[in-house]
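Look it over, then work through them.

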Amino acid sequence: MISFEQIDLDQLVAGILAGCEIDRETASAILSCPDDRLPDLLNATRRVREAAFGRRVKICVLRNAQSGICPEDCGYCSQSRVSKADIPVYKMQPIAALVEGARVAVDSGARRYCMVCSMRGPARPDLDHLSEACDRIRGEFPGLELCLSIGILEREHALELKDAGAGWINHNLNTSRRFYPRICSTHTYDDRVRTIENVRAAGLSTCSGGIIGMGEGDADIVDLAYATRRLEINSVPVNFLAPIKGTPLGGMNSLTPEKCLKAACLFRLLNPKSEVRAAGGRELNLGARQGDLFNAVNSIFVNGYLTTAGWDYARTREMIERAGFEPETAA
Ligand code: SF4
């Protein structure tokens, strides 16, 4: 075991920028960084972030295209079959609504729009519907990056969606392989890895990260961060659990702003060239320290997270600028 104090941060940054992978002991020490050394960790991480992304921040908007009817049992999720959370329940939204969602996303400063469906995976009618929606959105908003989050996906279905205009598929690993059975019993970690491999094989970009604060240990966070590196994920969302009443993890409350920032730094340092995004739970868990996230992440969500509210573009933009960063120009 090494301690954070034993890490030469200049050397660490130089090694990462030269293409070296940090070792596991160093990764664990980063997560255990003493709070009074966090400014130094953030400064070091910012140098890695700036090498690939400058001071730019990409805005993303989610659309809950089908809500509250998932047969899976993910413990953190308000839309699972075991959730008793009071949320809107509806089947797949009409194509016009999904296109309208893209317009709202563009008006909200978004460079990326992600349509999310609560489902195990898409059936034939879902694929046809989403393909048509992608085709329409691609036609109306050619500069908007288009992402789908639709559960377990076969390669040939990913290919269809790519042909229709999708560029990205989100499927989060969520946590470590070891901890996965504690949060879900209806599918496995390896099911999720297979979907990521299918997405890549279809020539689509991969979006996959996780959720911090579900009762996992530091070793699980480290495992997850290395998994995103090994799988060469293009876009890594880092969520900070916002416990939802009525879900199995509704009583969980283990995060501090400092812990969230250390985790975000670790994901950046292990994924120096990938997009790293601050996702759900940033407002609740980081509060006044959200601006520090931009030392690690180059992207952020606005307008909320499927069934929980979040900051809008104007408020988020002000925070980005106050922290010394700049939102990417809208599509
Ligand atoms: S598969 Fe997705 S929508 Fe379904 S319960 Fe899990 S996280 Fe929620």
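Q: Which residues in α10 do Ala-27, Ile-30 and Leu-31 in α2 meet?
A: The model is a predicted one. In it, α2 spans residues 24-31 and α10 spans residues 257-270. By class, their contact has eight nonpolar, no polar and one charged residues. On the α10 side, the partners are Lys-262, Ala-263, Cys-265, Leu-266, Leu-269 and Leu-270.

Q: Which residues touch the most other members of the largest nonpolar core?
A: This core holds 100 residues. Its largest share, nine residues, comes from α10. In soluble globular proteins, nonpolar side chains tend to be buried together. The residues touching the most other members are Ile-169, Ala-264, Leu-266 and Phe-267.

Q: With which residues is Ala-264 in contact, leaving aside its neighbours within four places in sequence?
A: Ala-264 is one of the residues that touch the most other members of the largest nonpolar core. Leaving aside neighbours within four places in sequence, its contacts are Val-238, Ala-278, Leu-293, Ala-296 and Val-297.

Q: Which residues surround the ligand?
A: By class, the shell has three nonpolar, four polar and one charged residues. Cys counts as nonpolar, Glu as charged and Gly as polar. The residues around the ligand are Cys-70, Glu-72, Cys-74, Cys-77, Gln-79, Ser-80, Ser-118 and Gly-151.

Q: Is Pro-237 buried or exposed?
A: Pro-237 sits in strand β7, residues 235-240. Leaving aside neighbours within four places in sequence, Pro-237 is in contact with Asn-172, Cys-207, Gly-209, Arg-277 and Ala-279. A residue is buried if 20 or more other C-beta atoms lie within 10 Å of its own. Pro-237 has 27 such atoms, so Pro-237 is buried.

Q: How many Å apart in space are Leu-62 and Leu-306, C-alpha to C-alpha?
A: Leu-62 lies in strand β1, residues 56-66. Leu-62 is buried, because 25 C-beta neighbours lie inside 10 Å. Not counting residues up to four places away in sequence, Leu-62 touches Cys-114, Val-116, Phe-301, Tyr-305 and Leu-306. Leu-62 and Leu-306 are 244 residues apart in sequence, yet their separation in space is 6.8 Å.

Q: What is the phi of Asn-174?
A: Asn-174 lies in the loop between β4 (168-170) and α7 (180-183). Asn-174 is buried, with 23 other C-beta atoms within 10 Å. Asn-174 is not a glycine, although its phi is positive, at about 75°.

Q: Where is Asn-303?
A: Asn-303 is a residue other than glycine with a positive phi, near 75°. Asn-303 is buried, with 21 other C-beta atoms within 10 Å. Its place is in the loop between β9 and α12.

Definitions and conventions
Residues numbered from 1 in each chain as written. Predicted model: local features only at pLDDT ≥ 70, side-chain atom pairs only at ≥ 80, totals over all residues. Near = placed C-beta within 6 Å. Axes fitted to C-alpha atoms, helices over the stretch in contact; angles between N-to-C directions. Helix = DSSP H or I, 4+ residues; strand = E, 2+ residues; numbered from the N terminus. Contact = placed C-beta atoms within 7 Å. Core = buried A, V, L, I, M, F, W, Y, C linked by C-beta atoms within 7 Å. Buried ≥ 20, exposed ≤ 12 C-beta atoms within 10 Å, placed from the backbone.
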